Amino acid sequence: MHSTWGCGCYSQRSLKSFKNPYDGGSTPKRALPTTRRVKCVRASSRNGYFPADGIADLIDGKAQSGPDLSVTHFSGLKLPNPFVIGSGPPGTNYQVMKKAFDEGWGAVIAKTVSLDSSKVINVTPRYARMKASDKKEVIGWENIELISDRPLEVMLEEFKRLKQEYPDRILIASIMEEYNKAAWEELIERCEDTGVDAFEINFSCPHGMPERRMGMAMGQDCELLEEVCGWINAKASIPVWAKMTPNITDITAPARTALAAGCEGVAAINTITSVMGINLDTLRPEPSVEGYSTPGGYSSKAVKPIALAKVMSIAQLIGSEYEGAKDLSAIGGVETGRDAAEFILLGANSVQVCTGVMLHGYPLVKQLCGGLQAFMGQHGFSSIEKFRGASLPYFTTHHELVRMQREAVAAKKRARTGLSGDDKWSGDGFVREAESMVAN
Ligand SMILES: Cc1cc2nc3c(=O)[nH]c(=O)nc-3n(C[C@H](O)[C@H](O)[C@H](O)COP(=O)(O)O)c2cc1C
């Protein structure tokens with residue numbers, strides 16, 4: 001099957017040069033289209049899939065036609081496409097991770113593991129959905145699921161087997177531990193022995209583990225984070241991404257701490273603390289376990305605007321403090337290639353998907369790649385680097401917006417004061433020029 005990525009049907013484009021914050025001033029400026037007419041794609045299915053975008057033909061994750069989707073992170077991690085399985089149920093065992101590689105996902109991040117899985121006890125039900133007004137489309141998803149409850153030895157065996165069977169594909173271990181240096185060192189060593197390519201550190205699980213000062217409890221405390229990241233980076237010999245929690249006033253504070261402590265990159269966001277709702281018949285909160293509940297983590301479409309804002313802040317930090325030279329893996333509500341394009345336009349190198357896989361299955365990656373290629377074809381972008389970070393310079397403060405708008409109004413008024421001399425009358429603009437000097 002062939003990708004139908006390039007509709008290429010815009011007829012007008014004005015180009016404006018921009019300074020990409022990721023260039024650090026050293027590479028040539030790229031062109032960003034600022035106005036365009038586009039006519040060919042319309043959303044037509046419930047998951048936002050655009051039929052005109054096409055389904056990419058992937059072999060080992062590499063698109064067989066269309067714009068180049070491959071990405072290379074600053075840490076050196078090379079992916080055939082930017083779509084990564086986010087840590088969670090879609091990376092929970094050998095069968096599902098194998099399926100992800102077979103379908104063409106750019107990389108897989110396994111479900112978070114810790115040294116002692118016997119401390120991890122899950123409950124059921126552990127998910128609750130928010131539906132749109134049609135009562136069918138899922139727009140929000142709450143979970144009170146903990147990290148992997150499977151024995152570490154079993155997970156490690158599976159990592160090893162996957163790396164033997166898919167040596168060229170990227171497998172990332174997501175890890176979490178208590179505030180204990182020796183425990184982190186042991187976990188890192190045992191994971192590295194399996195051949196995994198990188199670590200993602202779960203500093204962000206909002207439920208269950210904070211009671212043991214793990215996950216979000218660590219990610220919200222910059223002092224603790226600095227110390228633990230120091231231990232991790234002194235031990236790890238493969239790239240380390242710190243996965244950030246959005247449940248904090250300023251996500252750049254822990255991101256800055258993790259990067260300063262040697263992490264090669266940041267992943268954001270994990271889930272947002274949530275209570276899905278109260279059942280108005282039983283008066284009990286959902287998801288209800290024996291009539292009781294506990295706040296969980298919110299994900300899926302509804303969190304995308306929040307994720308975009310957090311990723312934007314981190315991208316600005318990486319742009320200004322590291323000249324763009326750190327990995328940024330974006331997560332939160334991605335279900336289409338166009339969702340992914342938005343995160344990449346803010347500076348993300350790769351884009352993770354968790355709930356989207358739970359809703360639409362592993363073949364989704366072909367739609368994601370097809371959709372991203374359609375977006376790229378529409379704008380003439382031949383590779384991801386051609387547009388990565390392109391929208392970031394267009395964020396400013398509210399104060400600046402007010403100033404710019406005032407200046408624009410003043411300029412319009414000035415333009416209405418008329419021609420500066422009779423020699424300025426033109427044939428083509430004659431009526432407009434006359435109009436500009438009319439008082440009423
Ligand atoms: C059921 C479920 C389990 C999850 N488990 C983990 C986990 O073990 N480790 C982790 O870092 N993130 C976990 N996450 C968070 C996701 O990786 C992701 O950060 C979040 O759900 C937002 O992305 P999404 O909207 O694509 O799901 C989990 C999410 C869900 C829905």
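A nonpolar core is a set of buried Ala, Val, Leu, Ile, Met, Phe, Trp, Tyr and Cys residues joined through C-beta atoms within 7 Å. The structure described here is a predicted model, and its largest nonpolar core has 100 residues. Within this core, Val-108, Val-266 and Val-311 touch the most other members. Helix H10, residues 364–379, supplies the largest share of the core, with eight residues. In soluble globular proteins, nonpolar side chains tend to be buried together.

**Val-266 and its strand**

Val-266 belongs to strand S14, which spans residues 265–268. Leaving aside residues up to four places away in sequence, Val-266 touches Trp-241, Ala-242, Met-244, Ala-255, Ala-258, Leu-259, Ile-314, Lys-326 and Leu-328. In a regular strand the side chains alternate between the two faces of the sheet. In S14, Gly-265 and Ala-267 point one way, Val-266 and Ala-268 point the other way, and all of them are buried. Strand S13, residues 240–243, runs parallel to S14 and is joined to it by three bridges. Opposite Ala-267 of S14 stands Lys-243.

After H10 comes Gly-380, which has a positive phi near 75°.

**Surroundings of the ligand**

The ligand has 27 residues around it, and those that come nearest are Gly-86, Gly-88, Ser-299, Cys-354 and Thr-355. By type, the shell consists of 15 polar, nine nonpolar and three charged residues. At least two residues of the shell come from strand S10 (138–143), and at least two from helix H9 (355–360).

**Backbone features in loops**

Two cis peptide bonds can be described. One joins Thr-124 and Pro-125, with omega about 0°. Pro-125 lies in the loop that runs between strand S8 (107–109) and strand S9 (127–131). Another joins Glu-286 and Pro-287, with omega about -5°. The loop that holds Pro-287 lies between strand S17 (285–286) and strand S18 (296–299).

Positive phi values also occur in residues other than glycine. Lys-135 has a phi near 65° and lies in the loop between S9 and S10. Lys-135 counts as exposed because it has 6 C-beta neighbours inside 10 Å, and the limit for an exposed residue is 12 or fewer. Glu-323 is not a glycine either, and its phi is positive at about 50°. Its place is the loop between helix H7 (304–322) and strand S19 (327–331). Glu-323 has 14 other C-beta atoms within 10 Å, so it is partly exposed.

Note on methods: Residues numbered from 1 in each chain as written. Predicted model: local features only at pLDDT ≥ 70, side-chain atom pairs only at ≥ 80, totals over all residues. Near = placed C-beta within 6 Å. Helix = DSSP H or I, 4+ residues; strand = E, 2+ residues; numbered from the N terminus. Nonpolar A, V, L, I, M, F, W, Y, C, P; charged D, E, K, R; others polar. Buried ≥ 20, exposed ≤ 12 C-beta atoms within 10 Å, placed from the backbone. Contact = placed C-beta atoms within 7 Å. Pairing = 2+ DSSP bridges.
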